[in-house]
Amino acid sequence: MKKLFTILVGISLNIFYGCTSSIPIPTNTIAQGERLNDLKQGRELFVYKCSGCHSLYPPSSYSQKEWNEILPEMNTKAQTTTRESFLIKQYIFTFSQ
Ligand code: HEC
């Protein structure tokens, strides 16, 4: 029984970390100060605004060029403001292919 429990906890942790690690969290090794704040805000907006219709596509799924083609249409769908679109793009580009 205890073993089963350990396995189940292991599996759920795997699922949890597996999902979040593809949507990376900006840290101070990547950027500092205001730029780090922008990236953190960009991640929040990305998670909040871009997960309503489909599951999140990790930034690393596409190159910057591909994101440049995809984002205008998705910004329209997500009805983001100019500022929000900018922050989401900064975040995605930081972790894109
Ligand atoms: C109102 C619903 C909606 C919202 C909000 C939305 N999307 Fe989408 N997204 C779609 C639909 C529908 C498709 C698939 C068809 C298409 O490409 O239009 C899609 C496809 C995609 C694709 C795959 C495109 C490809 O060519 O393979 C990516 C990447 C994507 N969305 C990213 C985003 C991002 C980033 C945001 C936030 C800015 C976002 N989506 C918000 C509806 C939405």
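**Helix packing and the ligand shell**

Modeller: In this predicted model, α2 and α4 lie roughly perpendicular to each other, because the angle between them falls in the range of 65 to 115 degrees that counts as such. That angle is about 100 degrees, and the axes of helix α2 (residues 33–49) and α4 are 7 Å apart. On the α2 side the contact involves D38, L39, Q41, G42, R43, L45, F46 and K49. These meet E84, L87, I88, Q90, Y91, I92 and T94 in α4. By class, the residues of this contact divide into seven nonpolar, four polar and four charged.

The other contact of α4 to look at is with α3. Here α3 and helix α4 (residues 82–94) pack at an angle of about 150 degrees, and their axes are 11 Å apart. An angle over 145 degrees counts as roughly antiparallel, and α3 and α4 are therefore roughly antiparallel to each other. The crossing in which α3 passes α4 is right-handed. From α3, the residues that make the contact are Q64, W67, L71 and N75, and from α4 they are S85, K89, I92 and F93. Four of the residues in this contact are nonpolar, three are polar and one is charged. An α-helix has 3.6 residues a turn, so residues three or four places apart point the same way. I92 of α4 is listed in the contact with α3 and also in the contact with α2.

Now α3 itself. The helix bends by about 35 degrees at L71, and a proline, P72, follows within four residues. L71 is also one of the α3 residues that touch α4. Just after α3, Q79 takes a positive phi of about 50 degrees.

Helix α3 (residues 64–78) also contributes to the ligand site, where five residues of the shell come from it, the largest share. The shell has 13 residues around the ligand, and C50, C53, Y57, M74 and K77 come nearest. By class, seven residues of the shell are nonpolar, four are polar and two are charged.

How values were computed
Residues are numbered from 1 along each chain as its sequence is written. This is a predicted model: local features need pLDDT of at least 70, side-chain atom pairs count only at pLDDT 80 or more; totals for chains, interfaces and linings use all residues. A residue is near a molecule or strand if its C-beta atom, placed from the backbone, lies within 6 Å of it. Helices (H or I, at least four residues) and strands (E, at least two) are DSSP runs, numbered from the N terminus. Ala, Val, Leu, Ile, Met, Phe, Trp, Tyr, Cys and Pro count as nonpolar, Asp, Glu, Lys and Arg as charged, and the others, Gly among them, as polar. Axes are lines fitted to C-alpha atoms, for helices over the stretch in contact, and angles run from 0 to 180 degrees between N-to-C directions. Angles under 35 degrees count as roughly parallel, over 145 as roughly antiparallel, 65 to 115 as roughly perpendicular and the rest as oblique. A crossing is left-handed if the near helix is turned anticlockwise from the far one by less than a right angle, and right-handed if clockwise. Two residues are in contact if their C-beta atoms, placed from the backbone, lie within 7 Å. The bend at a residue is the angle between axes fitted to the seven residues ending there and the seven starting there.
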